[in-house]
Amino acid sequence: MGNCLVGYIERFWKLNFSFDSKGSKRLLWLAISVLALLSELLFHNNLRALPEAFHAQYVTVFYNVKSIFIGDLPENIGFLLIAAAVGRSVFSTSVGVLDLIFYKKITGRNFNYEAMVTIAIVNLIFLLTLIFSIMNPFVLNYLGYYSKILESIPTLINLNGIVALLVACLIGDFCFYWSHRWCHKIRFFWALGHVNHHRTQNLTQLTQAVDPQSLLLDTAGGKVFVLLLLPLVTKLFSLDVISSGWALLVIIIFDAWTDPSHSVVLYYAEKKIKLLGVFRSFLVTPAVHYTHHSREEAHNVSDGCNFAARFTLWDRLFGTYVEPPTTPPETGLFHEETDYCLNPVRFILHPYAKMFIELKSNKIMYWPAILFGSTSYDPPNSSGLHY
Ligand SMILES: [Zn+2]
Ligand SMILES: [Zn+2]
């Protein structure tokens, strides 16, 4: 039974998804691709947020700022906020479909159907892992303990209105910047999680993978910085963003535009419409994050570039900002012999297999560097697998 399972995994490991099949196989691929497309639109491009937005009691204004209770707002702003949240959902989904249609026209390269199918399956598995992790009593206990610590932290400075909103967004983005940069710099966080988000050639809104490894590993990784530090710092300030009124609406509109940050269509629009490019002086526009996924050496400033999620301020300040090139760069990993893992089993197991073989084939004295060293470190005995 065990050997049988290993045999299946080995067979699947070697399989490469290919859309170029003939006859009935081609039909099967077409059907699988349509399912993958729907799944990605539902789970990854916010289509599922549409009914939520219609019945909204809470709206998340900015990706890392707490949700706003609609009932607390003046009626006209509350209504417009819900309308903007619905618009954000529809916009994000449309951008995904447009990417599929115009990818070849914009980049001259073929749309990566194989990656779309692989990543749709991987993202579904990640979603199940997420649900399982959240239901785990150990995690629930840990979260309960953490919120008790938060309650005991005193509020030192009271901020409200637009200042509070800006501070919350800037602090959130500062945390994201450093957690993201560490995810690229430290082997443990890169090799067991974040590498997956970058393991896509021909990147689009429909071919982007979340870090699909276990949520706990991911939380132990860079995200811990965001999850733990952000609420801690925002607790020291009291952030009353409700009173920022119309600024909430402006922020949600910017968020709708900058959130589909893996889109070639938005990249193209930004390069064609000069006015949109002006926003790059302070906002992480889609072209800025798309350049973060580049595999071109010129964009490899510090194991990557453009690490922030919403403001270019942090990258400019810490010397990692790169101006997006005129056309979308080639995306993927910097290594020449990269395995892009065009099947979900290899996609999910590859990072663990690489780490396991490295630990097994090297002496214990090398283990700390293998686990927590820099991502540029190669152990004496290589695993033979490339990122
Ligand atoms: Zn990254
Ligand atoms: Zn990304």
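These legends describe close-up views of a predicted model.

**View 1. Overview of the chain.**
The chain holds 16 helices and four strands. It has 387 residues, and 37% of them count as buried. Take the contacts in the chain with a separation of 6 or more: residues 24 or more positions apart account for 75% of these.

**View 2. Helix α5 and its buried residues.**
Helix α5 covers residues 113-135. Its 23 residues should span 33 Å at 1.5 Å a residue, and the end C-alpha atoms are 33 Å apart, so expectation and model agree. The buried residues of α5 are Y113, E114, A115, M116, V117, T118, I119, A120, I121, V122 and F126. These buried residues pack against α2 (23-43) and α15.

**View 3. The crossing of α5 and α15.**
Helix α15 covers residues 344-360. The axes of α5 and α15 come within 8 Å and cross at roughly 60°. That angle makes α5 oblique to α15. The crossing is right-handed. On the α5 side, the contact is formed by T118, I121, V122 and I125. On the α15 side, P344, F347 and I348 meet them. By class, the contact residues are six nonpolar, one polar and no charged. T118, I121 and V122 are also among the buried residues of α5.

**View 4. The packing of α4 on α11.**
Helix α4 runs over residues 75-107, and helix α11 over residues 264-272. Their axes lie 7 Å apart, at an angle of about 65°. From α4 come V95, L98, D99, F102, Y103, I106 and T107. They meet V264, V265, L266 and Y268 of α11. The contact residues divide into nine nonpolar, one polar and one charged.

Y267 is found in helix α11. It counts as buried because 28 C-beta neighbours lie inside 10 Å, and the cut-off is 20 or more. Set aside the neighbours within four places in sequence: Y267 is then in contact with P286, A287, Y290 and P328. Y290 is 23 residues from Y267 along the chain, and their C-alpha atoms are separated by 7.7 Å.

**View 5. Helix α10.**
Helix α10 covers residues 246-258, which is 13 residues. At 1.5 Å a residue these should span 18 Å. The end C-alpha atoms are 19 Å apart, which agrees. Buried in α10 are L248, I251, I252, W257 and T258.

**View 6. N202, a positive phi in a loop.**
Most residues other than glycine have a negative phi. N202 has a positive value, near 50°. N202 lies in the loop between α8 (187-198) and α9 (215-236). With 22 other C-beta atoms within 10 Å, N202 is buried.

**View 7. N306, another loop residue with positive phi.**
Phi of N306 is positive, near 45°, in a residue other than glycine. N306 sits in the loop between α13 (286-292) and α14 (313-317). N306 is buried, with 27 other C-beta atoms within 10 Å.

Note on methods. Residues numbered from 1 in each chain as written. Chains lettered and ligands numbered in written order. Predicted model: local features only at pLDDT ≥ 70, side-chain atom pairs only at ≥ 80, totals over all residues. Axes fitted to C-alpha atoms, helices over the stretch in contact; angles between N-to-C directions. Helix = DSSP H or I, 4+ residues; strand = E, 2+ residues; numbered from the N terminus. Parallel < 35°, antiparallel > 145°, perpendicular 65-115°, else oblique. Left-handed = near helix turned anticlockwise from the far one by under 90°. Contact = placed C-beta atoms within 7 Å. Nonpolar A, V, L, I, M, F, W, Y, C, P; charged D, E, K, R; others polar. Buried ≥ 20, exposed ≤ 12 C-beta atoms within 10 Å, placed from the backbone. Expected span 1.5 Å × (residues − 1).
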